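Here is a short report on one protein model. Keep the sequence and the 3D view open while reading.

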Amino acid sequence: MIQLDSTLAALLDRLERFAADHDARTADRAERMLNLERPTAELLYLLVVSAKRRRVLEIGTSNAYSTLWLASAMKAIGGEPVVSIERDAAKLDMARANLAEASLQDAVHLLEGDATAACRAQPGPFDCVFFDADRISAPDQLAVLLPKLAPDALLCADNALSHPQEIAGYLAAVDATGEFDSTVAPVGKGLHIAWRRPR
Ligand SMILES: C[S@@+](CC[C@H](N)C(=O)[O-])C[C@H]1O[C@@H](n2cnc3c(N)ncnc32)[C@H](O)[C@@H]1O
């Protein structure tokens, strides 16, 4: 169990119920929330907090379910505002409202636009990146971000088990650097975790 502020805990519970209902009756995948499953969100939170990752980039905000967890982690360890990228303006409106409800709006810097272009515009450095957008473009984002990563950067990517073919290019790109130790935690849809060996 993770101790959370009561307002945040209630909001997360409500968002979980909302997404389960909304996604089940929404045919267009692009309109679904596609939020992390709760155990995956909890693991991501614990990784970030325990490893004291203070400069976090999230690729794929949706309505900010995972962003709320990351922002809460930043609050717990005194981290920088989470930079979070989303191309869908309607989802960003929901994200803003959800962050405000949890009083976490100052703990997140939301960016609207294409993930790879937004990554290019970011100066970094980042000591943790959570890849959770379209998977296919993740290798491009990794290439852009590599020079902006801390020497001991932590990379996390969801859907390693649910979408093995789509994520294969990203996993191969991480391995091809020769710089990361990695594994897949069989939680939720499969969380790929990669840690850059400090040089
Ligand atoms: C799986 S959802 C993110 C879920 C969110 N991380 C959570 O757990 O609450 C993926 C999101 O990435 C966005 N997205 C997909 N491809 C993108 C791209 N190339 N650039 C920016 N956003 C993208 C989608 O609009 C969608 O909202």
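Which residues of helix α6 (residues 138-145) are buried? They are Ala138, Pro139, Gln141, Leu142 and Leu145. These residues sit on the same side of α6, because they cover an arc of only 160° around the axis. The arc is taken from the directions that run from the helix axis to the C-beta atoms.

## Ground rules

The model is predicted: local features need pLDDT of at least 70, side-chain atom pairs count only at pLDDT 80 or more, and totals for chains, interfaces and linings use all residues. Residue numbers start from 1 along each chain as its sequence is written.

Buried means that 20 or more other C-beta atoms lie within 10 Å of the residue's own; exposed means 12 or fewer; partly exposed is in between, with C-beta atoms placed from the backbone. Helices (H or I, at least four residues) and strands (E, at least two) are DSSP runs, numbered from the N terminus.

## What α6 packs against

The buried residues of α6 have several partners. They pack against the strands β1 (56-59), β4 (126-131) and β5 (149-157). They also pack against the helices α5 (115-121) and α7 (164-176). Contact here means that two C-beta atoms, placed from the backbone, lie within 7 Å.

## The sheet

An open sheet is built from 7 strands. Their order is β3-β2-β1-β4-β5-β7-β6, and the pairing is mixed. β3 (108-112) and β6 (180-185) stand at the edges with a single partner strand each, so one side of each has no neighbour in the sheet. From one strand to the next, the twist averages 15°. Two strands count as paired if DSSP finds at least two bridges between them. Strands of a sheet pair through backbone hydrogen bonds, either parallel or antiparallel.

Leu57 has Val129 of β4 as its bridge partner, and Ile59 has Phe131. β1 also runs parallel to β2 (residues 82-86), with 3 bridges. There, Glu58 is bridged to Ser84 and Ile59 to Ile85.

## Covered strands

In a regular strand the side chains alternate between the two faces of the sheet. β1 is covered on both faces. Val56 and Glu58 are buried on one side, Leu57 and Ile59 on the other.

What about β2? 5 of its 5 residues are buried. Val82, Ser84 and Glu86 point one way, while Val83 and Ile85 point the other way.

## Helices α3 and α4

The axes of α3 (residues 65-77) and α4 (residues 89-101) come within 10 Å and cross at roughly 40°. Axes are lines fitted to C-alpha atoms, for helices over the stretch in contact, and angles run from 0 to 180 degrees between N-to-C directions. The crossing of α3 with α4 is right-handed, meaning that the near helix is turned clockwise from the far one by less than a right angle.

Which residues of α3 and α4 make the contact? α3 supplies Thr67, Leu68 and Ala71, and α4 supplies Ala95, Asn98 and Leu99. By class, the contact has 4 nonpolar, 2 polar and no charged residues. Nonpolar covers Ala, Val, Leu, Ile, Met, Phe, Trp, Tyr, Cys and Pro; charged covers Asp, Glu, Lys and Arg; the others, Gly among them, are polar.

## Ser66

Ser66 lies in helix α3. Is Ser66 buried or exposed? Ser66 counts as buried because it has 25 C-beta neighbours inside 10 Å.

Ser66 touches Asn35, Leu36, Ala41, Leu44, Glu58, Phe130 and Asp132, leaving aside residues up to four places away in sequence. Leu36 is 30 residues from Ser66 in sequence, yet 6.4 Å away in space, C-alpha to C-alpha.

Most residues other than glycine have a negative phi, and most peptide bonds are trans. The bond from Gly124 to Pro125 is cis, with omega near -5°. Pro125 lies in the loop between α5 and β4.

Lys52 has a positive phi, near 50°. It is in the loop between α2 (38-50) and β1. Lys52 counts as partly exposed, because it has 13 C-beta neighbours inside 10 Å. Asn159 has a positive phi too, of about 75°. Asn159 sits in the loop between β5 and α7. With 22 C-beta neighbours inside 10 Å, Asn159 counts as buried.
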